[in-house]
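This briefing goes with the sequence and model shown here. Read the lead sentences, then the points grouped by topic.

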Amino acid sequence: AMEECKGIKGGHLIVSVATTANYFVTQLLAEFSRQHEGINVTLDVTNRHMLLDQLENHEPDMVIMGEPPKGYNLQSERLMDNPLVVIASPNHPFTHHKKLKLEEVMTERFIIREKGSGTRGAIERHIHRFNQVCTSTLEMRSNETIKHAVEAGLGLGIVSLHTIQPELKAGRLAVLNVEHFPIRRHWHIVMRKGKRLSPIAQEFKRFVMKEAPHYVEAGK
Ligand code: PGA
């Protein structure tokens, strides 16, 4: 594969990714830039709502996000899994429970993302299926802030398992064993239907499809 990419130098790559995908995309971009000298990259990190807006306006070459909605004139390929788990401070009494009932957990305060976040939408849809709602919430725009708030004991959170590897290793966050969790989601590479990718964008797409799963498994 290294041989194939040697021909492409230079070019401008414009990629936008969901906030939760940023954790592996920056690593991938670093490696890709090492292999392709002289390229210019524009990376935007934002929520699902903004990503769909950008696609509508033909801004990025491609987007990495959760499952795109139907009927937006988009084409997508599934990249890899993205399990959403319930997290708590390691001092939380729930960490001693073997299996928690969903309704038990829902009586806690939850730190949640802003409206327009794909993660938030997925959580709401999932718990509604079991006739549950978050009764007490604290809303924050960034995944990073949510992790800090949960660590500080402000409440529970529901985040992508792939975004908390350093915190789990360091024992700063714990994953709770809750019925009906994790929520099984997937990341996708998404672009406009019929989009003609530049050579560098085509190369990046191939690179991401092949390499992304390794980056996540390794918890880099
Ligand atoms: P978001 O990302 O929560 O930052 O919107 C995830 C997604 O697109 O589903």
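How many bridges join β1 to β3? Three bridges join these strands, which run parallel. The model is predicted: local features need pLDDT of at least 70, side-chain atom pairs count only at pLDDT 80 or more, and totals for chains, interfaces and linings use all residues. Residues are numbered from 1 along each chain as its sequence is written.

**Strands around β1**
- Helices (H or I, at least four residues) and strands (E, at least two) are DSSP runs, numbered from the N terminus.
- Two strands pair if DSSP finds at least two bridges between them.
- β1 and β2 (residues 40-46) pair in the parallel sense over seven bridges.
- Val-15 has Leu-43 as its bridge partner in β2, and Val-17 has Ile-64 as its bridge partner in β3.
- Five of the seven residues of β1 are buried (20 or more other C-beta atoms within 10 Å of a residue's own, with C-beta atoms placed from the backbone).

**The nonpolar cores**
- A nonpolar core is a set of buried Ala, Val, Leu, Ile, Met, Phe, Trp, Tyr and Cys residues joined through C-beta atoms within 7 Å.
- The largest nonpolar core has 27 residues, and Ala-21, Val-63, Ile-64 and Met-65 have the most contacts inside it.
- Elements that each supply at least two residues of this core include β1 (12-18), β3 (62-65) and α8 (199-217).
- α8 gives the most to this core, with six residues.
- Apart from this core lies another, of 22 residues, among them Val-85 and Ile-112.

Conventions
A residue is buried if 20 or more other C-beta atoms lie within 10 Å of its own, exposed if 12 or fewer, and partly exposed in between; C-beta atoms are placed from the backbone.
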